[in-house]
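Let's take a friendly walk through a protein fold, one piece at a time. Have the sequence and the 3D view open as you read.

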Amino acid sequence: MYQLRSFHLRDMTACGAALRRLGAGAKSLEEVAERLVRYLYFSFTMPRSGEPACVLVRLFKTVPYHRLTPDLQSLAIERLGETPDDPSLTCLTLLASAGAVPGWNDPSLSSRFRVIPFSCPNDIEQLPMFSQLFHQLGWSLPHLTTPRQNLLLDSQEHTFNVFHILQAEGSPYVPVQEEFVRRYGVRSVLGFGAPLPDGELFSIILFSKDAVPESTAQLFKPLALCAQIALAPHANQIPLLNASTAALPDTGAAETNLTAVAPMQARMAELEQLLTVHEQTVQTQADRIEMIVRGAGVGTWDWDIPTGQVTFNEQWATMLGYHLADLDPHIRMWDQLVHPDDQQAMKEAVSAHLRGETPLYSNEYRLRTKSGAWQWVFDSGRVLLRDATGAPLRAAGIHLDISDRKRLEEAQTRAQQEVREKQQALDDAQTLAHLGSWEWQITTGEERWSNE
């Protein structure tokens with residue numbers, strides 16, 4: 001089981017290996033798609049309850065109209081209002097679905113998303129998430145609109161990518177706000193996909209009740225490749241709404257597909273071997289890093305600067321008396337946890353670092369623990385990523401508990417103060433002893449001195 005808010009590199013490698021193997025023994029594309037969405041739906045859980053973190057997980061694939069079954073073609077015609085003139089018209093089809101509502105587990109029951117023909121610009125505009133992802137993957141559509149780059153995590157790559165909506169409520173990219181987002185508590189949306197050997201595109205969308213940090217979203221890029229490997233051997237099959245009514249491709253296409261199967265399977269085997277070696281290496285390195293971090297008692301933080309979201313590791317939470325599941329990823333750490341007397345100096349140091357005035361950031365301040373006490377930490381930021389314009393995007397660093405050191409310093413300061421006070425008292429006594437004493441007889445005006 002995994003948690004989206006604390007999904008790490010080790011989780012990604014384990015999840016990816018499981019996704020790749022879901023295609024083994026499958027008889028159809030839809031069977032693989034069903035396995036994928038059900039695995040993702042049940043594998044990601046809420047921190048405390050253990051219930052599925054996702055309200056809904058769906059897998060879509062683009063398919064030309066002429067390759068749809070008669071049932072799906074009828075649905076496309078109903079949506080268009082007429083039979084399309086172009087048999088190669090692209091249609092987005094819902095292959096598999098898993099969700100909290102019983103009706104969401106059967107794609108054939110979806111009246112809105114079962115088949116979506118793209119016949120005009122408005123069709124793609126009504127699905128802005130798909131528009132962004134299609135463009136990012138380099139997939140061409142005559143009416144594809146220009147993407148808004150702020151929705152995409154990486155505007156440079158065109159193979160495996162992810163779109164991420166941190167806050168679903170109120171987002172223009174997530175439809176049916178009242179009846180879906182608010183009603184079912186959808187908090188974040190995460191999607192990933194890739195092209196398939198038949199030239200079409202698949203995409204998996206997760207609607208999560210748990211917050212999905214940007215660091216988690218980045219880890220889904222390799223998962224797109226793993227899902228692609230599971231789906232690829234069945235990519236040329238026709239999506240089936242009813243197997244008995246499936247329209248078969250012409251003989252020439254079938255021969256071409258058979259000819260392409262062997263090279264594709266060989267290539268998939270090579271990819272599987274490469275990924276297995278890669279995952280073993282990642283796992284070994286992750287184990288070593290975690291052992292070092294735990295042994296050193298180091299808490300780590302990862303700050304998504306545009307959103308203000310900070311992600312911590314378990315050691316950081318334990319250091320302050322929390323469990324990681326207790327922490328809200330949207331917490332404004334600087335305002336809610338830092339001691340009021342330390343906030344100004346800390347913010348000035350951070351700002352100077354973000355402006356590039358200091359190569360490394362370090363500071364010492366107090367953080368509020370779960371019990372309400374204050375704990376001293378040494379904060380060091382050694383990672384700072386910027387965009388093409390130089391604007392800071394992401395920072396990461398460590399927290400060390402220095403409370404014991406601070407208590408020793410305070411004790412040393414008190415001891416030094418006590419020594420100074422005692423020394424002063426001794427000096428005063430010695431001065432009086434050296435001066436001696438005197439007596440004044442008021443009636444006669446006589447003064448008498450004594451050095452005893």
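Which residue of β6 does L190 stand opposite? L190 faces L206 in β6. This is a predicted model, in which local features need pLDDT of at least 70 and side-chain atom pairs count only at pLDDT 80 or more, while totals for chains, interfaces and linings use all residues. Residues are numbered from 1 along each chain as its sequence is written, and side-chain values use heavy atoms, leaving out hydrogens and water.

**The open sheet**
- Six strands make an open sheet in the order β3-β2-β1-β6-β5-β4, with antiparallel pairing; strands are DSSP runs of E with at least two residues, helices are runs of H or I with at least four, and both are numbered from the N terminus.
- Two strands count as paired if DSSP finds at least two bridges between them.
- β3 (115-117) and β4 (161-165) are the edge strands, each with a single partner, so one side of each has no neighbour in the sheet.
- On average, neighbouring strands of this sheet are turned by 20 degrees against each other, direction ignored.
- Strand β5 (residues 188-195) and strand β6 (residues 201-208) run antiparallel and are joined by eight bridges.

**Helix α2 and its contacts**
- Helix α2 packs on the sheet, where it touches β1 (54-64), β2 (90-99), β5 and β6; contact means heavy atoms within 4.5 Å.
- The direction of α2 makes about 45 degrees with that of β2.
- The axes of α2 (residues 29-43) and α8 (residues 220-231) come within 9 Å and cross at roughly 150 degrees; axes are lines fitted to C-alpha atoms, for helices over the stretch in contact, and angles run from 0 to 180 degrees between N-to-C directions.
- L29, V32, A33 and L36 of α2 meet A227, A230 and L231 of α8.

**Helix α12**
- At 1.5 Å a residue, the 15 residues of α12 (residues 340-354) should span 21 Å, and the end C-alpha atoms are 21 Å apart, which agrees; the expected span is 1.5 Å times one less than the number of residues.
- Buried residues of α12 include M346, V350 and L354, where buried means under 20% relative accessible area (1.4 Å probe, protein chains only).
- G356 follows α12 and has a positive phi, near 85 degrees.

**The β9-β10 hairpin**
- Eight bridges join the antiparallel strands β9 (residues 361-368) and β10 (residues 374-386).
- Y365 stands opposite V377 in β10.
- Five residues lie between the strands of this hairpin, and G372 takes a positive phi near 100 degrees.

Methods: Buried means under 20% relative accessible area, exposed over 50%, partly exposed in between (1.4 Å probe, protein chains only).
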